[in-house]
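Grab the model and work through these exercises. Try each task before you read its solution.

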Amino acid sequence: MATGRSIVRRVASTPWNARLRELASQSLFSESISLYRSMLRSGSSPDAFSYPFTLKSCAALSLPVSGQQLHCHVIREGCVAEPFVITALISMYCKCGLVEDARKVFDENTQSHQLGLAVLNSFITMYMKCGSVESGRRLFDGVPVKGLITWNAVMSGCAQNGLAYDVLEIYEEMKSYGVRPDPVTLVSVLSSCAHLGAQRIGQEVEKLVEANGFVSNVFVCNALISMYARCGNLAKARGVFDVMPVRSLVSWTAMIGCYGMHGMAETAVKLFDDMIKSGIRPDKTVFVMVLSTCSHSGLTEKGLELFDAMKREYKLEPGPEHYACVVDLLGRAGRIDEAMGFIESMPIEPDGAVWGALLGACKIHKNVDMAEIAFAKVIEFEPMNIGYYVLMSNIYTDSKNQEGIWRIRVMMRERGFKKEPGYSYVEHMGRVHLFLAGDRSHEQTEEVYRMLDELEASVMEIEGNTECDRCGEVSSSTREHSERLAVAFAILNTSPGAEILVIKNLRVCEDCHVFIKMVSKVVDRRFVVRDASRFHYFEDGLCSCKDYW
């Protein structure tokens, strides 16, 4: 039974708690903390329901000292036994980077038998968000009876860390225990299918979505759109979009991004216009999407027009990412000097992405002098981004500047860099077949290399093919790049005329791009290749990107 004092305290704190909840839900975190202090000054005492909102605000503003003070208040007021307060404390410490303090709260409450299905889940989520996937999995494996929220916590964490295979394995395990998925589960699974290009599994998930009445869930529909688009099925993605009962700004942004990814810039821009006509107000994210789409498709003037409209019509202040898009727009079009002038006129300090866009343009147009300026700037901001070192090395390779190549290699060695291995994969008969550069571990290796020899001989008859090492793969020659192995495997194992989808983790190198164009002509097939940047549709010796990627 509640004591008279606790009843009085709860009555006194209720209006304060309502306001704390309101401010926190509106992301007015500074105001929330100020209100909590006003509450203390007024003589009102907080209760267990006061702390989660204030702790959330401390976490959002990254105020660990204030969070520690609140922890003292929690102990003083005798609220440490409440599971939702414990969860809020753990979450606050994790988000403020104080993982040891979070673990201490966790351990203390485990030992005193105060641990709840909520605190465990919070801790699993914390480990995953901090990148400590193994710790999160160990904690997950130790839970004797796992509810849906626990399964969701580990699957969401794996998905956020790019462990798509793990997500699908855990999902299958969850089903074997008879646990029914909810929309949160399906979003994680669909995002993993998108990452892997596993369309068959994604189609099974869509049936579950329909059977369980989740078709009105905007998050699930957005995930379906992304899954189909990233699996190369743009028509199906648009079909999901068209039947959505309610389309959020995120839905429009996702669909616009899909068209951009597939090189259909004109359609993407038209969809952006349709979004405006429907009454949806654009935000900064959708402008990044549409500007990037224009950049990768050569719609330079349209992109510049949209950038101007962003400021003039919609009163949105461009961020570094928007300026980077404009630099990319100008740079890809060969307007390198104009891009440099644009950077120098920026009202904010150019960041690594801006200089990186200029560096990428210099690679396309072989401007070594400007590239050296951009490279010197970009590594000031992102000294540990290996991609920029590889890009500069490739620029020197193109210009046959051996001294420059060695200088970059020394820099990479000093920083302990290792090139990311290139890999490509193809889904066939419900199984994802993975190939590394120079891979000889596949059970069909002999047949794959024999097919590759035949293809290269045919291509050589059409057009001479040179060897290079531009895409950063750990292989001695382009003939063993992973996308070539995947293409050869797919031709071997699919019927004549069938479309082939290959997914690669890195950007397709220039020589392999030429090679696949020629192969599409030799075998009369359509190849869809998704690399780190976009989709390429190869057919009859041509690519949808028109060599502008």
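Contact here means heavy atoms within 4.5 Å, and helices (H or I, at least four residues) are DSSP runs numbered from the N terminus. This is a predicted model, where local features need pLDDT of at least 70, side-chain atom pairs count only at pLDDT 80 or more, and totals for chains, interfaces and linings use all residues. Residues are numbered from 1 along each chain as its sequence is written, and side-chain values use heavy atoms, with hydrogens and water left out.

**Exercise 1.** Work out what covers the buried residues of H23.

*Solution.* Start with the buried residues (under 20% relative accessible area, 1.4 Å probe, protein chains only): Tyr388, Met392 and Ile395 are among them in H23. Next, look around them: the cover includes helix H21 (352-365), helix H22 (368-381) and helix H24 (402-414).

**Exercise 2.** Check the span of H23, residues 386-398.

*Solution.* The expected span is 1.5 Å times one less than the number of residues. Now inspect the ends: a side-chain oxygen of Asn385 comes within 3.0 Å of the backbone nitrogen of Gly387 at the start, while Lys400, with a positive phi near 55°, follows the helix.

**Exercise 3.** Find which residues touch the most other members of the largest nonpolar core.

*Solution.* Such a core joins buried Ala, Val, Leu, Ile, Met, Phe, Trp, Tyr and Cys residues through side-chain atoms within 4.5 Å. Among its 140 residues, pick Met255, Leu358, Leu359 and Phe375. Then zoom in on Met255: beyond neighbours within four places in sequence, its contacts include Ile225, Phe241 and Leu271.

Notes: Buried means under 20% relative accessible area, exposed over 50%, partly exposed in between (1.4 Å probe, protein chains only). Helices (H or I, at least four residues) and strands (E, at least two) are DSSP runs, numbered from the N terminus. A polar contact is a pair of N or O atoms within 3.5 Å; within protein, one must be able to donate a hydrogen and the other to accept it, and residues adjacent in sequence count only if both atoms are side-chain atoms.
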